[in-house]
Amino acid sequence: MPKKKCGLGFDCASMMLHPGIDPGDCLNYKTCGSAVELTPDEELELVRIREEQMRQYQEQIRLTRRSAAIMMLMRRGCPQSPESLGIVSAVEAIATTLDNIRTGLTNFDGQYIAPPSCELHIYNVKRPSGTYSYYKLTAENAIFAPSEKEQQVRVIHLSHYNDARYIEAQLGIERRNKLTQVRTLLQNASTLLEEATRLLEQTTDMNSPNATVEVFNIDEITPSNL
């Protein structure tokens with residue numbers, strides 16, 4: 001003969017604090033079996049046993065099928081949380097990473113960072129003693145402060161490759177490129193975080209209403225009643 005099952009899917013042994021109990025012997029068996037005819041938000045009354053400070057109590061509870069489903073899944077369905085799924089630790093890791101980024105940005109304080117679209121160009125100068133290579137920092141538009149003229153200029157001359165002006169200009173371009181890459185990564189991360197925020201905002205549509213259990217009668221179970 002097949003073993004009887006709880007009509008609401010409860011673990012009857014846990015509900016009744018009675019290991020090995022058959023669902024047919026549970027105080028809720030008839031109620032749980034007839035509950036399938038109710039709508040998700042219609043109420044029913046169940047009995048559950050709980051233990052507190054070595055004493056057992058029999059409670060009468062009032063809940064809906066929806067609340068019963070949540071109660072059953074919270075007991076049997078291995079419920080998870082943002083903490084157990086690693087969401088909280090991921091948020092903390094992001095916060096730590098952002099702090100590290102802010103700290104890393106201070107390394108650029110007081111350092112030359114080249115403007116966008118500025119590059120180094122080499123040019124040759126012929127002299128009686130030979131041909132010499134020099135460098136210049138060139139922009140697409142006149143954005144550099146002039147050394148002699150009154151208007152801004154497109155080019156800054158940097159002398160030869162081992163001149164400090166050339167070396168610092170080259171480092172300035174490398175700093176700019178690195179920061180530009182960081183900006184792109186942060187923009188991508190911001191887009192992903194906005195998507196995460198949008199998903200969390202949608203959880204209000206997934207929250208079940210009336211997920212409450214009302215306890216309206218409690219009786220202590222004396223040893224003679226066990």
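User: Contact means heavy atoms within 4.5 Å. On that basis, which residues does Asn-28 touch, not counting those up to four places away in sequence?
Analyst: This is a predicted model. Asn-28 touches Met-15, Met-16, Leu-46 and Val-47, with residues up to four places away in sequence left out.

User: Where is Asn-28 placed?
Analyst: In the loop between helix H1 (12-16) and helix H2 (29-34).

User: Buried or exposed?
Analyst: Asn-28 is buried, since its relative accessible area of 4% falls under the 20% limit.

User: How many bridges join E3 to E4?
Analyst: Nine, and the two strands run antiparallel. E4 covers residues 130-138. Within this pairing, Arg-127 stands opposite Gly-130 in E4.

User: How far does H5 reach from its first C-alpha to its last?
Analyst: 54 Å, for 38 residues. That is close to the 56 Å expected at 1.5 Å a residue.

User: Which residues of H5 are buried?
Analyst: Tyr-166, Ala-169, Gly-172, Ile-173, Arg-175 and Arg-176.

User: What do they pack against?
Analyst: The buried residues of H5 pack against E3, E4 and E5. On spacing, an α-helix has 3.6 residues a turn, so residues three or four places apart point the same way.

User: What caps the N-terminal end of H5?
Analyst: Asp-163 does. One of its side-chain oxygens lies 2.7 Å from the backbone nitrogen of Arg-165.

User: Now aromatics. How many pairs turn up in a search of the whole structure?
Analyst: Two aromatic pairs are found. One of them is formed by Tyr-135 and Tyr-166, with 4.3 Å centre to centre and 35° between the planes. The pair is tilted.

User: Which parts of the chain does that pair link?
Analyst: Distant ones: Tyr-135 is in strand E4 and Tyr-166 in helix H5, 31 residues apart.

User: Why does Tyr-135 count as buried?
Analyst: Because its relative accessible area is 17%, and buried means under 20%. Tyr-166 is buried as well, with a relative accessible area of 11%.

User: Backbone next. What is phi at Cys-78?
Analyst: Positive, about 50°, although Cys-78 is not a glycine. Cys-78 lies in the loop between helix H3 (65-76) and helix H4 (87-105).

User: Is Cys-78 buried or exposed?
Analyst: Cys-78 is exposed, because its relative accessible area is 55% and the limit for exposed is over 50%.

User: What about phi of Ser-117?
Analyst: Phi of Ser-117 is near 65°, again a positive value in a residue other than glycine.

User: Where does Ser-117 have its place, and what is its relative accessible area?
Analyst: Ser-117 is in the loop between H4 and E3. Its relative accessible area is 41%, so Ser-117 is partly exposed.

Terms used:
Residues numbered from 1 in each chain as written. Predicted model: local features only at pLDDT ≥ 70, side-chain atom pairs only at ≥ 80, totals over all residues. Heavy atoms only, no water. Pairing = 2+ DSSP bridges. Helix = DSSP H or I, 4+ residues; strand = E, 2+ residues; numbered from the N terminus. Expected span 1.5 Å × (residues − 1). Buried < 20%, exposed > 50% of the residue type's maximum accessible area, 1.4 Å probe, protein only. Polar contact = N/O pair within 3.5 Å; in protein donor to acceptor, adjacent residues only side chain to side chain. Phe/Tyr/Trp six-rings, centres within 6.5 Å; stacked < 30°, edge-to-face > 60°.
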